[in-house]
Every structure is written in C-alpha cells, then in structure tokens.
Amino acid sequence: MKGLCIELLHNSRLVGIGSTEAFSYRFQRKNHQAFFSFPKVIVSSASFSQRCLPTVSPVVTEVEEKKTFDSESAGLLVKELRKSFNSGRTKSYEWRMLQLSNIARMLDEKEEDIVEALYKDLSKPELETFISEISTAKSSCKEALEGLKQWMIPQKVKTSFATFPSSAEIVSEPLGVVLVISTWNFPFLLSIDPVIGAISAGNAVVLKPSEIAPATSSLLAQLVEEYLDSSAVKVVEGAVPETTALLEQKWDKILYTGSARVGRIVMAAAAKHLTPVILELGGKSPAIVDSYVDLQVAVRRIIAGKWALNNGQACIGVDYIITTKDFAPKLIDALKEGLEQFFGKDPMNSKDISRIVSLTQFARLVKLLEEDRVSDKIVLGGQTDEKQLKIAPTILLDIPEDTQIMNEEIFGPLMPIVTVEKIEGSFDVIKSRPKPLAVYVFTSDEQLKKSFVENISSGGMLINDTVLHVAVAGLPFGGVGESGMGSYHGKFSFDGFSHKKSVMYRSLSGDSSLRYPPYTPEKQKLFKAALSVSIHCSSTKVHVLIPCLSFLLVKAFGLL
Amino acid sequence: METAEEVQKVVFESGEAAAMVEELRGSYRSGKTRSYEWRVSQLKKLEKITEFHEQEIVEALRSDLSKPETESFVQEIGMLKSACKLAIKNLKSWMKPEMAKTSMTTFPSSAEIVSEPLGVVLVISAWNYPFLLSLDPVVGAIAAGNAVVLKPSELAPATSSLLAKLLGEYMDSSSVRVVEGAVAETSALLEQKWDKICYTGNGRVGRIVMASAAKHLTPVLLELGGKCPVVVDSGINLQVASRRIIAGKWGCNNGQACVSPDHIITTKEFASKLVDALKSELDNFYGKNPLQSKDLSRIVNSNHYDRLTKLLDEDKVSGKVIHGGERDKSNLRIAPTILLDVPQDSLIMQEEIFGPLLPIITVDKIEDSFELITSGTKPLAAYLFTNNQKLKDHFVGNVSAGGLLINDTTLHLAVPTLPFGGVGESGMGAYHGKFSFEAFSHKKAVVYRGFFGDAAVRYPPYTKGNLTILKALVGGSLLGIIRALFGWSKA
C-alpha cells in the first residue's frame with residue numbers, strides 16, 4: 001500500500017506530464033523553461049486584434065521572468081487567504097452579499113470587455129457569449145443574491161425517540177479556502193460560476209482560469225482585483241507550473257472543470273490533503289433520435305447544442321447521434337437543411353460559429369477526421385482551414401466503433417451518426433461506454449422516455465432538447481463516473497462549497513441511568529424494550545411516545 | 001495498525017478481485033439490483049440477520065474486543081436494526097424522483113431529480129464497531145440499488161468471519177459479497193474500478209484509498225476520526241455531565257470509537273470539581289477495580305496496547321496521571337485514566353488517542369477553548385456542556401467539526417435525520433438514514449420538453465436585431481431573455 005501511495009504522489013506532479021485539453025501546447029514544449037506573462041502581452045495586443053479574424057495562437061511572447069509563481073508563492077497565497085478566512089470575515093452574510101452584488105455589477109459594467117475577450121480567445125459570436133456566458137452568470141449571481149439568506153438558515157430536523165428530549169439542526173458552514181480550476185471553452189462562465197458558489201458559501205477562493213483562453217484569463221484577473229475583496233478572492237494566472245504549485249497546497253475543496261485525465265491528477269493531489277473535489281468532466285454525450293419526433297424542431301435543437309454551442313467545444317455539447325437505419329437519411333437531410341439555414345452555404349465564413357480554440361485542438365480534430373475508415377464516411381462538411389482554425393460542421397455516418405473518433409470525446413464540430421436496427425438498440429451503445437455528462441433523447445414515445453430515464457445513467461438527461469437542462473436552477477449540474485463527481489448550480493453550488501454540520505442540543509435535566517454501566521440484566525431488558533419502541537414508533541408523533549418513554553424512565557430510575 | 005495478524009494461506013489477488021468485480025458488474029448491468037423489490041428483500045435479510053443471530057454477533061464482538069453485551073446490543077445490533085427498518089420503511093419515498101421547480105426559463109417543461117444507483121461499490125470497514133460499521137454502509141449501498149463488496153477489518157477476525165458466513169447465507173451472492181483479508185486483499189480490491197468507495201478508518205489510509213480511487217475517478221466517502229474535544233463550562237449539573245462524558249468515552253468501546261471524547265477542555269478553576277465528579281462516577285460505573293470490570297471493552301490488540309502505553313509513558317505525560325493508569329498487558333486492559341494539564345506538544349495531544357486515556361486541558365476562560373479547537377484539525381465531533389445560551393451560539397457558529405452535540409456525547413449518531421460524516425481531516429461525505437441512500441446514489445437531473453412552440457430567435461443566424469431584442473428583454477428581467485431564447489417570446 002505504501003508503494004501504491006508513493007506512485008500516486010509521483011503521478012500527481014503535473015510538470016512534465018505533457019499536454020492536455022486543459023494545458024496549452026505552448027507550454028507543453030517548454031514548460032520547464034519559460035514563464036509566460038499573459039496580462040502584459042494581451043493588453044498590448046488588444047487594439048489590433050480586436051474584431052480582426054483571429055489568427056492562430058494569439059500573440060504570445062516568451063518572457064524570462066525572475067519571479068515565477070512557484071510552490072512557495074502558492075503557499076504564501078494560501079496562508080494569506082487562510083488568515084482572512086480565520087478572521088471570520090467571509091462567513092458573514094453581509095460580506096457574501098457584498099461580493100455577490102459586486103460580481104453582478106461587474107457583469108453589467110464589463111459586458112463589452114467580456115464579449116471582446118471571448119471573441120479574441122474563441123471568435124465566440126457575441127450573441128452566444130451573451131446567452132451562454134454572461135446572462136447565465138447573471139442569473140446564477142441573481143439566484144444566489146436572492147436565495148442566500150434562505151440557504152444559510154440552519155435546517156431543523158426531527159429527532160428520534162432514542163434521544164428525547166432533544167432538538168437538532170443541520171448547519172451549513174464554509175469549508176475554508178477553496179480552489180477553482182477553470183477551463184477554456186466557456187472561460188468566463190466556468191470561472192465565475194463556481195466562484196459565485198464558493199463565495200455564497202462563505203469561503204475564501206482562488207481562481208485559476210485557463211491559459212488557453214488568455215484574453216479571458218487576464219480579464220478575469222483584472223476584474224476580480226477591481227471588484228472583489230482581494231484579501232479573500234484571488235486569481236492566479238498560468239499554466240502547468242502554476243497549477244502544479246497550487247495543487248501542492250492544502251485546500252478545503254477543489255473544483256476542477258476539464259478532462260478526465262487531468263481530473264485524476266487533481267484528485268490524486270487532493271488525496272494527499274484529504275481535500276474533497278468536485279470534478280466537472282465531459283464524455284461522449286449522445287443524442288438519440290427516434291423516428292417519432294417533430295424532425296425540424298429536433299434538428300434545430302441538435303444544431304443549437306452542437307455547432308451553435310462554441311462549435312461543439314462544450315462538455316455538454318452533443319457528441320454523436322444514435323438513430324435507426326431507416327430514419328438516418330431523413331435526419332441527415334433535415335440536419336443539412338437546418339445547418340444551411342443557420343450558417344449559410346459557406347459555413348467556413350459564418351460569423352455565427354466559434355473557431356477551434358488552438359492549433360493543438362485543430363490538429364487533434366483533423367486527425368480524428370482523417371483516420372482510415374472515417375474519412376470516407378463524411379456525408380456533410382469536412383472542410384478545414386488551418387490558418388483560421390476553422391472546421392466546417394461535419395456529419396459522418398456509420399463509423400466503426402473502434403475508431404478514435406468513437407472512443408474519445410470529440411469536442412468540436414464533427415458529428416458521427418451511429419445507426420441501430422431499432423431505437424432500443426441505442427441502450428447497448430450507450431451502456432457499453434463510460435457514463436456521459438448528458439444524454440439527449442428526442443422522442444414523443446412516453447414509454448421510450450421512461451425507459452431512458454430508468455435505465456440510462458448519465459450526469460443529466462434532457463428529453464427533446466439539448467443543453468437547456470443546465471439552465472434549470474433547481475437541478476444539480478454534474479457528472480457521474482468518467483464524467484465527474486459532485487455537482488453545482490444554484491443552491492447546489494452553495495451546498496457544494498459548504499459542510500453540513502450536524503448539531504444536536506440536549507439539556508442536562510432528566511437523565512436516565514438506563515444507559516450507564518454497570519449493565520445489569522434488568523437494564524438490558526429495558527433497553528431492548530425501549531429500542532424496539534423507538535424503532536417501531538420512529539415516525540409516530542412524539543406526544544404518543546412520551547407516556548411510554550416516561551414509563552421506561554421511571555422503571556429505569558426505579559432500578560437504582 | 002494495518003499489519004495482518006497472521007499470514008493467510010489463500011491470497012486474494014488482483015486477478016481474483018477483478019473477476020469478482022466483473023461478475024458483480026454483470027449482475028448490476030442485468031438491472032436486478034435496481035428494482036425496489038430486490039432492495040427491500042435484501043434489506044429484510046439484513047434485518048433478519050440482526051434478529052436471528054444476535055447471540056452469535058454478541059459472541060463475536062466479545063471475542064474480538066470483550067465488548068460488553070449491552071454495548072454490542074445497543075451500539076451495534078440495535079443501531080443496525082434501526083437503520084434497516086428505517087430504510088425499508090422509507091425506501092419507496094426515497095426512490096421517488098424529486099420534482100424540481102422549472103422557472104420561466106424553460107416553461108413549459110418539467111424537471112426532476114432521479115436517484116439512480118452508482119453501480120458496484122466497495123465498503124471497507126473498521127475493527128472498533130466491526131458489525132455496525134460494516135453493515136450500516138451496506139444498508140445504504142443496497143437501498144440505493146448497488147451491488148456491493150464488503151471488506152471487514154481483519155483486526156476483528158471473529159466478526160469478519162461471522163459477517164462472511166452470514167452474508168453468504170442470507171444475501172443475494174450475485175450482488176453482495178464479503179472479502180475477508182488484510183493489506184494484500186485490500187490493495188487488490190483498491191486496484192479495481194469501483195463506482196463508490198466508503199472507507200472507515202484513519203486519515204493515513206484514507207489518503208491511500210482516495211489516491212487509488214483517483215485513478216478510476218471513483219468518488220469516496222471517508223469516515224475518519226480526529227481528536228474530538230469536550231468543552232466543559234462551569235455551573236452545570238456536574239453529575240449528569242460527567243456520566244455522559246464517561247458514557248461517550250469508556251462506555252463506547254473503552255474509548256476506541258471515532259466519535260468518543262478525546263480530551264476535555266475546561267477552566268483551571270473548574271477542573272478539580274470536574275475531576276472529582278468523573279472519579280466518583282467512574283467508581284459507580286466500573287467499581288474499584290476497573291481492570292476486572294465486565295462492562296469495559298479491552299484494547300483490541302497488542303499493537304494498540306503498546307501504542308497507548310507509549311502515549312502514557314512519555315516523559316512529560318506520565319507524571320500527569322491523576323486517576324487510573326493501571327494496566328494488564330496479558331489481558332490487554334488499561335483502566336480508565338485521567339490526565340491533567342499534559343503539554344500540547346506531547347504525543348498524546350498530537351494524535352488521536354483511541355483508547356481509555358482522557359487528558360484534561362485547562363484554560364483561563366472557557367471561551368479560550370474555541371481558539372484551542374479551531375487551531376487544530378477539524379474533528380469528527382465536538383461536545384460542549386453548558387447552560388449558557390451565548391456560549392452555545394458561539395460554539396455552533398465558530399467551531400467546525402463533523403457534528404456538534406451540546407450537553408451530551410455521541411448520541412447525535414443515533415439521530416437518522418442528521419448526516420454522519422467528517423470534514424477536513426475527519427473525512428468527507430456523510431451517511432445515516434436518507435443520507436446513506438444519497439451517498440450511494442447519483443442525482444440525475446432530468447428535464448422533459450415538448451416539440452411545440454419552438455422559436456427562431458434562439459438560433460443562428462444571429463442578427464443585430466436578435467441581440468437588441470434580447471438585451472431589451474434582459475433589461476426587464478433576466479429570465480425574459482432565456483424565455484425568449486428558448487422559445488417563448490413572440491419574436
């Protein structure tokens with residue numbers, strides 16, 4: 001076991017592990033040599049790159065910095081935040097409300113800056129940014145502002161007969177100093193949304209935005225500094241070395257959004273300090289299309305959940321479609337038509353579609369597309385433009401199961417369609433794979449809906465639409481199995497960053513000697529009787545129980 | 001702590017573990033563990049075990065720990081029986097999907113949270129409550145519809161083998177298994193992919209369990225321990241307080257319990273009164289010669305006996321014993337022992353005591369105790385005895401621990417409406433009652449929509465007009481935009 005432990009600890013060192021979706025290729029090559037300073041570079045490039053078609057890697061210079069963010073700086077940072085937390089300031093309702101309302105104000109005042117940063121990082125269309133990043137963050141903030149008072153109230157619970165007389169409650173308390181590691185595909189929302197949760201639960205928090213969306217990362221650093229209490233809320237920018245330095249510290253919770261591979265590293269690092277984690281990962285989220293549907297609506301919603309959602313670069317985006325052999329041609333025709341309506345005849349030039357985030361990701365997607373037995377299955381699209389990092393919406397039909405594209409999360413504009421004889425055959429397809437973050441089912445068949453809900457496991461499930469379930473405030477957002485653990489959104493965010501402390505109150509009067517040694521046979525008999533009463537009556541109203549309890553207590557005292 | 005007491009002849013290897021998990025996964029995939037009927041039938045069988053085999057269980061616990069029958073009955077068998085009955089009674093309602101409010105955002109649609117089993121789960125149990133801490137999590141795992149493997153502690157061998165026998169006899173062996181063994185077997189099990197692991201034990205092994213779980217992205221429920229303090233204010237009913245402290249310390253497996261009081265904090269002034277009260281009640285409970293008392297468990301094994309005597313024999317500690325201190329190595333017994341004012345840097349104040357030694361720390365003012373507690377790692381439980389409402393409020397507001405109990409000890413565990421679990425060094429995740437069901441369930445968010453009323457404003461091409469409309473809507477209400485986007489605007 002010791003060996004096992006050491007091996008894991010070794011693995012948890014991120015440096016040298018290489019590139020991932022979460023860590024930029026730029027760092028992969030030279031991460032041990034250079035430190036990249038984003039803020040300066042980005043600020044200086046802001047004027048000319050704005051509104052231009054973005055080119056491959058947004059301007060990055062290598063700067064030899066004397067002061068790197070190493071383990072020691074991370075240690076100091078955590079110490080400082082822990083001091084703020086221990087002062088008790090972040091616990092107060094007032095502090096939480098003030099920070100949340102500052103975030104709300106920031107979202108109002110800096111909308112344009114956010115739109116610009118996302119355009120730079122991803123060519124994200126303004127409307128998409130507005131809907132899926134800014135307004136979602138606003139709702140989240142508003143919900144916390146409105147709900148916080150209620151959320152913070154201790155929850156009274158019934159106590160049992162065995163402990164009568166007593167009262168009990170569950171008190172939500174902050175965990176302490178927490179770390180949020182965010183990702184590049186929704187670099188604004190996926191950074192600020194967990195921070196809203198951490199703050200509403202009363203924690204001090206460090207946010208590490210993704211270096212692969214450098215403009216947003218630097219904007220977040222600037223905005224958090226400007227709007228929030230910097231003694232308790234901080235942003236650390238950087239890539240692998242910075243993340244590694246952060247992960248070496250003891251946190252009271254870590255929320256990581258990204259890939260399963262890095263998720264494992266984060267959890268192994270957390271294990272050293274017994275830190276609980278929320279891992280928001282991805283997976284191959286399928287859309288199942290039955291023939292019993294309104295095809296036009298279904299197709300629009302699928303397109304909206306794939307190409308109109310950061311061009312497929314979303315953890316809850318549709319990864320592939322499953323439909324019946326018979327229905328596939330109709331579905332493909334409808335998809336073609338829908339895509340043309342949305343993005344025109346030449347989607348490569350559409351302003352309404354995000355680009356691929358980086359050259360690494362572009363190369364990865366092209367490789368998926370060019371694999372033998374895949375490249376000849378393209379039924380729509382397939383055009384690529386490396387210079388602009390664009391790939392056209394692409395549909396592929398009947399790709400073999402053992403190809404790369406069917407075995408990794410696509411995270412881009414490629415959409416394979418898997419066909420089955422009968423729609424129920426989709427169950428086996430889904431069950432044979434790791435549990436996805438979302439499953440989308442398009443059908444008007446009530447029986448089929450029921451069957452999916454009962455038998456298919458996934459983070460979330462949405463019938464007859466895509467993606468929208470993450471906008472329902474009353475629902476937890478989170479994965480299961482390979483798609484992650486823990487959840488957040490709305491009150492679940494508050495809960496995710498709180499400890500539910502059990503608190504029970506008793507009085508010192510009315511003590512029964514029944515429970516104390518010496519344990520005589522008489523006491524034991526009574527105890528058994530009391531316990532069986534307690535078990536059988538646990539739900540009955542207390543006033544019914546008081547007489548039997550008194551009787552037992554009298555008997556117990558009588559024994560003394 | 002983790003060394004096997006004897007070398008086993010048959011070693012349970014990784015390959016065997018994999019084959020077993022594969023078999024259980026097959027049963028799980030067949031869907032049978034998901035049905036309400038299966039879950040209830042298995043829970044009823046667990047209940048039957050507690051009814052029909054009470055004496056065997058008591059005997060096993062006596063053999064492993066000399067646990068007094070009353071303690072076995074109340075704290076192990078009785079608790080498990082309650083857990084089973086509660087689960088059987090409430091399972092139907094627990095399994096019901098919980099309707100979630102959908103806002104205007106997605107109107108008209110409906111949403112619910114569906115609790116579904118995680119799959120094949122592993123329960124690694126401990127030796128101190130070897131019956132309860134093995135089966136209580138199993139109740140949760142089964143109630144939630146999982147296939148489950150239980151690894152009882154090899155340090156309580158009689159109970160371990162009894163559990164293997166009884167579960168083999170009563171439970172559906174295609175989905176519920178017991179693997180007996182020590183480090184080698186546990187390592188083989190931990191190499192496998194599980195859908196949840198519940199581990200009860202110490203922080204050191206907890207870290208290893210979590211690190212192994214990380215390889216497979218397996219969520220963990222860690223029930224660890226910590227130094228649970230008891231703060232005793234003056235001006236209280238001292239007799240009741242000291243009885244309850246004794247019941248939670250020596251009356252809970254002779255201090256070998258994760259929620260047992262580890263040490264007391266009281267004021268300098270009050271300490272002597274408290275010590276007198278404790279002494280006199282200890283006499284009442286266990287007589288003049290506690291080493292002979294039948295109402296005290298023994299120390300589990302010689303490793304732990306040696307560990308405890310080492311704590312006691314440390315230079316700066318041994319002179320602080322003001323009560324007890326007697327020991328009997330051949331019978332693995334240590335008398336209830338009270339120590340006054342041991343230095344903070346002594347071993348006994350650094351590690352979880354987990355035995356019959358009770359140090360009393362004194363402070364000038366009772367409020368100073370909070371500082372003392374919050375400066376350490378977060379314990380599984382913290383106890384306060386006081387009549388002062390302000391002090392209670394302050395305690396609840398400022399002391400972080402798995403659970404808090406005012407004016408009693410350990411009893412909060414018996415309240416199934418309260419989650420049982422630690423925070424920080426004392427663990428993560430919680431169970432008991434409905435929380436057990438939830439700990440072994442995934443909360444799947446499900447939204448239902450229809451096809452009608454789809455609006456183009458949600459889709460590309462994105463015109464300036466679209467954006468203007470949307471922003472105007474936002475000005476009025478945030479929900480308005482989404483409402484418009486997802487189909488319910490006139491646009």
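How many helices and strands make up the secondary structure of chain B? In this predicted model, the secondary structure of chain B comes to 18 helices and 18 strands, and the C-alpha trace of the chain spans about 85 × 55 × 35 Å along its principal axes. Of the 491 residues in chain B, buried residues make up 65%.

From chain B on its own we can turn to the place where it meets chain A. The contact takes 120 residues from chain B and 116 residues from chain A. The size of an interface is often given as the accessible area lost when the parts come together; between chain B and chain A the buried area is about 9800 Å², and carbon and sulfur atoms give 64% of it.

The interface can also be described by its individual pairings. Across it there are 38 residue pairs in polar contact, counting pairs with both residues at pLDDT 80 or more, and the side of chain B that touches chain A divides into 61 nonpolar, 32 polar and 27 charged residues. Five salt bridges are counted between the two chains, and one salt bridge is formed by A:Arg506 with B:Asp408, whose closest N and O atoms are 2.5 Å apart.

Strands, too, join the chains: strand β18 of chain A, residues 498–506, runs parallel to strand β16 of chain B, residues 403–406, and four bridges join them. Within this pairing, A:Val503 has B:Leu404 in β16(B) as its bridge partner.

Note on methods: Residues numbered from 1 in each chain as written. Chains lettered and ligands numbered in written order. Predicted model: local features only at pLDDT ≥ 70, side-chain atom pairs only at ≥ 80, totals over all residues. Heavy atoms only, no water. Contact = heavy atoms within 4.5 Å. Buried area = accessible area lost by both parts, 1.4 Å probe. Salt bridge = Lys/Arg side-chain N within 4 Å of Asp/Glu carboxyl O. Polar contact = N/O pair within 3.5 Å; in protein donor to acceptor, adjacent residues only side chain to side chain. Nonpolar A, V, L, I, M, F, W, Y, C, P; charged D, E, K, R; others polar. Pairing = 2+ DSSP bridges. Helix = DSSP H or I, 4+ residues; strand = E, 2+ residues; numbered from the N terminus. Buried < 20%, exposed > 50% of the residue type's maximum accessible area, 1.4 Å probe, protein only.
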